[in-house]
Amino acid sequence: MKSRAIKLWSAVGLVSLSACNTTKVVSYQRDVYPVLEANCLECHTPPTGEGYRAVGLNMESYASLMRGTIYGSVVMPGDSQCSILTMLVEGRADMSMRMPHQSEEPLQPEEIEILRHWVNQGANNN
């Protein structure tokens, strides 16, 4: 009986610990879009944005972001390591391609984390 009680309390403890480590759901509208609006839209909005003209990436809406570029998608839902969006803002690609470009301030670590978590959570339109 004592062994069963210990197992039960161990299971309760594990459930409690895992509940403490839950990650907040990142919202595209509330969390992601403000980061994009502040840092990306100047260049990635048609018809005159430099980034839009160069690769066709329009970031003014969820749908246009998910369409990607003339070369393909920039967001791989569930995989921030392979998503071009996070690679570029983190500087994991060639530094000449870091976004925003060198003349602009890089994203703050908190902004990068928002994008990374959003992508890892499935890049939902929420």
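Reader: Why is Arg92 called partly exposed?

Author: Arg92 has a relative accessibility of 37%. Buried means under 20% relative accessible area, exposed over 50%, and partly exposed in between (1.4 Å probe, protein chains only). The value falls in between, so Arg92 counts as partly exposed. A note on the basis: this is a predicted model, where local features need pLDDT of at least 70 and side-chain atom pairs pLDDT 80 or more, while totals for chains, interfaces and linings use all residues. Residues are numbered from 1 along each chain as its sequence is written, and side-chain values use heavy atoms, without hydrogens and water.

Reader: What makes Glu90 and Arg92 a salt bridge?

Author: The closest N and O atoms are 2.4 Å apart. The rule asks for a side-chain nitrogen of Lys or Arg within 4 Å of a carboxyl oxygen of Asp or Glu. The pair therefore qualifies. Glu90, at 22%, is partly exposed.

Reader: How do you know that Glu113 forms a salt bridge with Arg116?

Author: Their closest N and O atoms lie 1.9 Å apart. That is within the cut-off, so the label holds.

Reader: What separates Glu113 and Arg116 in helix H6?

Author: About one helical turn, because they are three residues apart in H6 (residues 109-120). Helices are DSSP runs of H or I, at least four residues, numbered from the N terminus. Glu113 is partly exposed at 30%. Arg116 is partly exposed at 22%. Salt bridges with shared partners join Glu90, Arg92, Glu113 and Arg116 into one network.

Reader: How many salt bridges does the rule give?

Author: Five. Arg30 with Asp31 is among them, at 2.8 Å between the closest N and O atoms. Asp31 is buried, at 12%.

Reader: How many aromatic pairs are there?

Author: Four. One of them is Tyr28 with Tyr62, 5.3 Å centre to centre and 75° between the planes.

Reader: Why is the pair of Tyr28 and Tyr62 called edge-to-face?

Author: Rings of Phe, Tyr and Trp (its six-membered ring) pair if their centres lie within 6.5 Å; planes under 30 degrees apart are stacked, over 60 edge-to-face, the rest tilted. Both values pass, so the pair is edge-to-face. Tyr28 sits in helix H2 (residues 28-39) and Tyr62 in helix H4 (residues 62-67), 34 residues apart.

Reader: What makes Tyr28 buried?

Author: Its relative accessibility is 1%. That is under the limit, so Tyr28 is buried. Tyr62, at 19%, also counts as buried.

Reader: Why is the pair of Tyr62 and Trp118 edge-to-face?

Author: The centres are 6.3 Å apart and the planes 85°. Trp118 is buried, at 1%. Tyr28, Tyr33, Tyr62 and Trp118 form one aromatic cluster.

Methods: Helix = DSSP H or I, 4+ residues; strand = E, 2+ residues; numbered from the N terminus.
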